Amino acid sequence: LPLLLEATLLRLASSSYHPFYNGFYYNHIMNDNSNEQEKVVHFNGARLVVETPKDPVYSSNGANVTLPCHYHYEPDLEAKHKIRIKWSKLRDDYTKEQDVLVAIGKTYVAFGDFRGRAHLLQAGRREASLVVSDVRLQDDGKYRCEVIDGLEDESDVVDLRLQGIVFPYQPPRGQYRLNFHEAERECQEQGAILATFNQLFQAWSEGLDWCNAGWLADGTYPTRLPRKPCGGLHLAPGIRSYGPRHRHLHRFDAFCFSSALRGEVFYLDRPAGMTLEEAKQSCQDAGAEGWDRCDAGWLADGSVRYPIAKPRANCGPAEPGVRTFGFPSKGRFGVYCYKER
């Protein structure tokens, strides 16, 4: 069998005269000498080159962002056809997730969630940059800029990353109660989405240390300090992964991702504190007081927490973070409110 396979491959290699270029097969050119050499032929006599930035483009929720993309020819010449430009959003494995925009000249069509938010930058010759307005959390990811000139087709990829935070979330029912779809809903109710692995890895590299497994596309948790309940004392710091999990049957917490808010968070208090219902009513008032408080307050999900940027005595552990009292069924506290600008 190996000899037969080798002979078949040799025969195919010796009889094939179809060089592959840009997704199309081109006929070879024979010179006057019978000793033919195959040549890649460019239909307009030049090579189409598409260029995008190698470094990620950063933006935030609600902002406008431009994904740069330019094209040219080597050697330089004018295009003989109407140039078609196509933008697509990609999965992590670079396969297409969704169409974003297709344009010919000044005429373009945007698709799906990008309709009304995406257009081409009309800034000059050989410009193919994409402008996305009112950026959403789901826009984070890789985008392919594809330029088509007749039968020539070249592309490159832009990485859009949203600046924000990853936070582990556990609902009132307790630890490990969420299947994948419930985790998605819980994050959405917190004004967030399930985090990607890249977002979790970035958060871990910036200090996130959490010993509970939470949904991304799988069950994962980041730990910086090896310890017995978190995989063992002798394992190196890193992202622990449980591998693929059943999205309906298996249950974990959630890692949510949220970007910049277009508003402000402020704290309200009364001398005797407030119940959850009184706290909700009080959030109709205004008076921002910042993100660093040692006072516990109600949040919209019924939990009681307080944020510490500068650790100090009687305010919990020595590290910055959001301290939690869980989901008390009764008690009187202040309240953290959010108001759109």
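Author: In this predicted model, both W215 and F252 are buried.

Reader: Why is the pair of W215 and F252 called edge-to-face?

Author: The ring centres lie 5.3 Å apart, and rings pair if their centres lie within 6.5 Å. The planes stand at 80°, and an angle over 60 degrees counts as edge-to-face; therefore the pair of W215 and F252 is edge-to-face. The structure holds six aromatic pairs.

Reader: What makes this pair a tie between parts of the chain?

Author: W215 belongs to strand β16, whereas F252 lies in the loop between β18 and β19, so the pair ties together parts that are 37 residues apart in sequence. W215 and F252 also form one aromatic cluster with Y176 and F180.

Reader: How do you know that a charge sits over the ring of F180?

Author: The charged end of R247 is 3.9 Å from the centre of that ring, and the distance criterion is within 6 Å. The charged end of R247 is accordingly listed as sitting over F180.

Reader: Why is the contact of D76 and R126 called a salt bridge?

Author: The N to O distance between the two side chains is 2.6 Å, and the cut-off is within 4 Å; therefore the contact qualifies. This pair links distant parts of the chain, with D76 in the loop between β6 and β7 and R126 in the loop between β10 and β11, 50 residues apart.

Reader: Are D76 and R126 buried or exposed, and why?

Author: D76 has a relative accessible area of 55%, and exposed means over 50%, so D76 is exposed. R126 has 11%, and buried means under 20%, so R126 is buried.

Reader: What makes K86 and D99 a salt bridge?

Author: Their closest N and O atoms are 3.8 Å apart, which is within 4 Å. K86 lies in strand β7 and D99 in strand β8, 13 residues apart. At a relative accessible area of 27%, D99 is partly exposed, because this class lies between 20% and 50%. Salt bridges that share partners join K86, K96 and D99 into one network.

Reader: Which strands stand at the edges of the six-stranded open sheet, and why?

Author: The order is β4-β13-β12-β7-β8-β9, with mixed pairing. β4 and β9 each have a single partner strand, so one side of each is left without a neighbour in the sheet. β4 pairs with β13 in the parallel sense over three bridges, and pairing requires at least two.

Definitions and conventions: Residues are numbered from 1 along each chain as its sequence is written. This is a predicted model: local features need pLDDT of at least 70, side-chain atom pairs count only at pLDDT 80 or more; totals for chains, interfaces and linings use all residues. Side-chain values use heavy atoms; hydrogens and water are left out. Helices (H or I, at least four residues) and strands (E, at least two) are DSSP runs, numbered from the N terminus. Rings of Phe, Tyr and Trp (its six-membered ring) pair if their centres lie within 6.5 Å; planes under 30 degrees apart count as stacked, over 60 as edge-to-face and the rest as tilted. Buried means under 20% relative accessible area, exposed over 50%, partly exposed in between (1.4 Å probe, protein chains only). A charge sits over a ring if NZ of Lys or CZ of Arg is within 6 Å of the ring centre and within 35 degrees of the ring normal.
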